Amino acid sequence: MATTLPRTPSAEPPAGVLARWRRTLWASESARGYGLLSPTLALLAVAMAAPIVVLVGLSLWTQVDGGYDKTLTLANYETFFDKRIYPLILWRSLNISAAVALVTVLLAYPAAYFIAFKVTRNKMIWLILITLPFWTSYLLRVFSWKIILGYNGVINSGLIWLGVITEPLDFLVYNVSAVVVTLAHAWAAFAILPIYVSLEKIDRSLIEAAHDLGEGPVMTFLRVTLPLSLPGVIAATLLVFIPTVGDYVTPKLVGGNTGIMIGNLIQSAFGRGDNWPLGAAISVVSMLTITLAVCVFLFGVSRLKALLR
Amino acid sequence: MKTKHHHAVERRARAGLSALCGVAVLALGTLAAPVQAQDQPLLFSWPGYDAKELYPDYVARHGMFRFTAWGDEEEGVAKLKSGFNADVIMPCSYKLPKWRATGRIAPIDTSRLKNWPKVMASLKQMDGVMVDGKVMWVPIDWGNTSVVYRTDLAPEYVGKESWEILWDPKYKGRVAAFDSLVDAVVVAGLLAGNPDMFDYSDPAHLEAARVKMRELVNQVKFFSNDPTTLEQAIASGEVVAATVWNESVVRLKKQGLKVAYMNPKEGMMTWVCGLSIIAGSEHMDKAHELIDAMLATPSRVWEIENFGYGVSTQEAFEAVGDEKLQALGLSKNPEQALAAGIFQKPIVNEKGLQEMFDEVKAGL
C-alpha cells in the first residue's frame, strides 16, 4: 500500500535534514578536521588519557596485604612528602635532566649548524648518519657507555696505553656524571634534528643583510642566527628534558648508588616494593613537577626574549 | 574547472586516507593476535638457569622451553602478582611463604616424577616441601652466599676471612654487593650484632642495620644482582671483594684468577632452592617433565661441576667423585652443609628493611 503512494513533500524532510547535516558537516572545516583526526584522537584517549585517569585513581587507594583498600585517600601523597627520599630524589632527577638537556643542546647545536650551513651536498646522508646510533637498541647504547667508561674500559686502557695514567680512573662510571654523559649521547638525535630544522628554515638573505650592514660573524650569529633558531633549541631542550626525568635503565646500569633517579623509585614501588598506589602517587607528583618545570622554563624563555628586544 | 579538479583530488585523498586507516586497523589486529602458539612451558627462574644442560631429558624430547630470568625473587614475586604467566618457578626456601601467599602455587604430582625417589630424605623433610599433605616444592640444589675476594689484592684476609672486608676502609670503592635484602642487607644486621639477622620487627635492630648499611653504601662500587657484572668486576680488579654465589667462584677459578671463597668467621649463608608449578598452567605435563629432567643425574652432575652447588640427589654426588667434590669444597651431606652456615630464613619486616635499603642508597 504505502509503496504505491506518490511521494509527498512531507515525506522528504528527514532525509533532507540528514543530507543538510551531512553537507554542513563536510562544509565545516573543524568538523572535517576532527573527523580526519578521529583515529588519532581515539588512540590518544585510549593510550594517554585513560592511563592517566587510572593512575590518578590508583594513587588514591592504599595497598593492603594482597589487594587494595579502595577508600579514597591522599595517604600516598602524604607519604611522598613525609619521607625525605622522594622529594630529594625527584629534585635530583630534575637537576640531572636539566644538566642532560643543557649538555645535549650545547653539543647538538654545532652538529646541526654544520649540517645546515656547511654541508651543501648529500645532506640526507649526514642526517642518516646522525640517526645511525638509533638503529641499535637503547639498552645496547647504555651498555656500550659502560664499556667505554668502565674500569678497564676504552678510556682507561687508552690512557694507560698512552702512559698518561698508571692506575685506571675509577670516577668515570657509577655516578651522576656517567648518567649525564650516557643520556646526553642517547638523546643526541632528538636535539640535533629540531635544531637542524629551525636552522635550515632561516632565510639566508637575513644573514647576508647582517654581513652587509657590517656585523661580524659572531654578532651575526648572536643577533640573527641564534634568535631565529630558538624555537628549535626550545623544542630540543623539552624533548630531552621531559623523557629523561623518568628514565630508570640508565641510572640503574651506570649510575651506581649516587646516580639513582625518580624512575628507579617508581620501578621499586611497582616491583619489589609491591606498593602500586604509592608508585602511582610518585608518578603523578613527578608528572606535575615536570609540567611545572617546563612552564617555568617556557616563561623564563619568553621573559628573556622580551628583555632582549 | 579548478574546483572540479580540487574536488577530485580531495576525493582521491579521502579514499587514500580511508584505505590507510583500514591498513592501520589491520596491522593493529595482526599485532594483537598471538605471534605463535605457545606449546612450551615458561620457566621463570634465576639468571643462568636457561642452560639446556640442566634439562637434558626435556630438551631431547621437546626441544627448548621458554625462559625468563628474574633479578631477584622479590622482583619475581611482584611480577607474578601483577599477572605474569609462568608455568614453572625456582623459588628458594626463605621465600616460599611469600610465593605461596600469591595463591598461585599448585601441588606437584610426584607420581609423575620418576626421579622423585632419588631426592634425599632430609631435603624432603624441609619446611615448604609439603603443605597440607601435598608436595608443593621440589628441592633441587643448595649453596652459599658469601664473599669472593682476590687473594693477590687483599692477602691480609687469607686465613682471617670475614664479612668485614666489605666494610674495610682500605677497600673503599673497591667492593661490591648483591642488590638484595636476603643476600646482602641482612649481613649489615649480622655485623651490627642483632640477635637475629633476619628479624627487623624491632626498630632498634632496623636502626642498627641502617647505620651499618650507610657505611656499606659508601664502601661499595655498586650493588648488582647480576652474577656476570659481579664476576667481571672481580676479574678486572675493579673490586677486590664481592658477595657472590658458588657458581661465580667456579667460573672465576676457571679463568685462572687468584680468588678464594670466604668461609667468614661469622659464617657463610646457606640456602636451598627448588622448583614449583604455577596453578592453572596449560602445560602441566611438560611442567612435570621439566622438573623431572632437572632431577635426573646428568643434570645434577652438570650443576655440581659447572656451578659448584650441592644438589638434591645422592646419585649425582656418587657420579662426580670425591676428588672433584673436594676441589669444589662440597659436602655430600646437605644437613651438614646447611648446618655449617647461616641458613637463610624469611625476613621479618621485609618492607621496613626494603625502605631502609632504598633510603640509604639515596644517601639518607
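The radius of gyration is taken over C-alpha atoms, and the rule for a globule is 2.2 Å times the number of residues to the power 0.38. Select chain A with that in mind: a compact globule of 309 residues would have a radius of gyration near 19 Å, but chain A has 27 Å. Its C-alpha trace spans about 105 × 75 × 40 Å along the principal axes.

This is a predicted model, in which local features need pLDDT of at least 70 and side-chain atom pairs count only at pLDDT 80 or more, while totals for chains, interfaces and linings use all residues. Residues are numbered from 1 along each chain as its sequence is written, and chains are lettered from A and ligands numbered from 1 in the order in which they are written. The predictor gives the complex an ipTM of 0.77 and a pTM of 0.82.

Stay on chain A and colour by secondary structure. Chain A has 14 helices and two strands; these are DSSP runs numbered from the N terminus, with helices (H or I) of at least four residues and strands (E) of at least two. Of its 309 residues, 30% count as buried, meaning that 20 or more other C-beta atoms, placed from the backbone, lie within 10 Å of the residue's own.

Next, show the contact between the chains. It takes 21 residues from chain A and 23 residues from chain B, where two residues are in contact if their C-beta atoms, placed from the backbone, lie within 7 Å. On chain A, select α2 (29–59), α4 (85–118) and α13 (262–270), each of which supplies at least two residues of the side that touches chain B. The most come from α4(A), with three residues.

Now move to chain B. It holds 15 helices and 14 strands, and 46% of its 364 residues count as buried. Its mean pLDDT, the predictor's confidence in each residue from 0 to 100, is 89, and 90% of its residues reach 70 or more. Select residues 8–37 of chain B, where pLDDT stays under 50. Where pLDDT is low, the predicted coordinates should not be read in detail.

Finally, select α7 (residues 203–219) and α15 (residues 350–361) of chain B. Their axes, lines fitted to C-alpha atoms over the stretch in contact, with angles running from 0 to 180 degrees between N-to-C directions, come within 9 Å and cross at roughly 35°. Show side chains here: the residues of α7(B) that meet α15(B) include Leu206(B), Met213(B) and Val217(B), and those on the α15(B) side include Leu353(B), Met356(B) and Phe357(B).

Notes
Buried ≥ 20, exposed ≤ 12 C-beta atoms within 10 Å, placed from the backbone.
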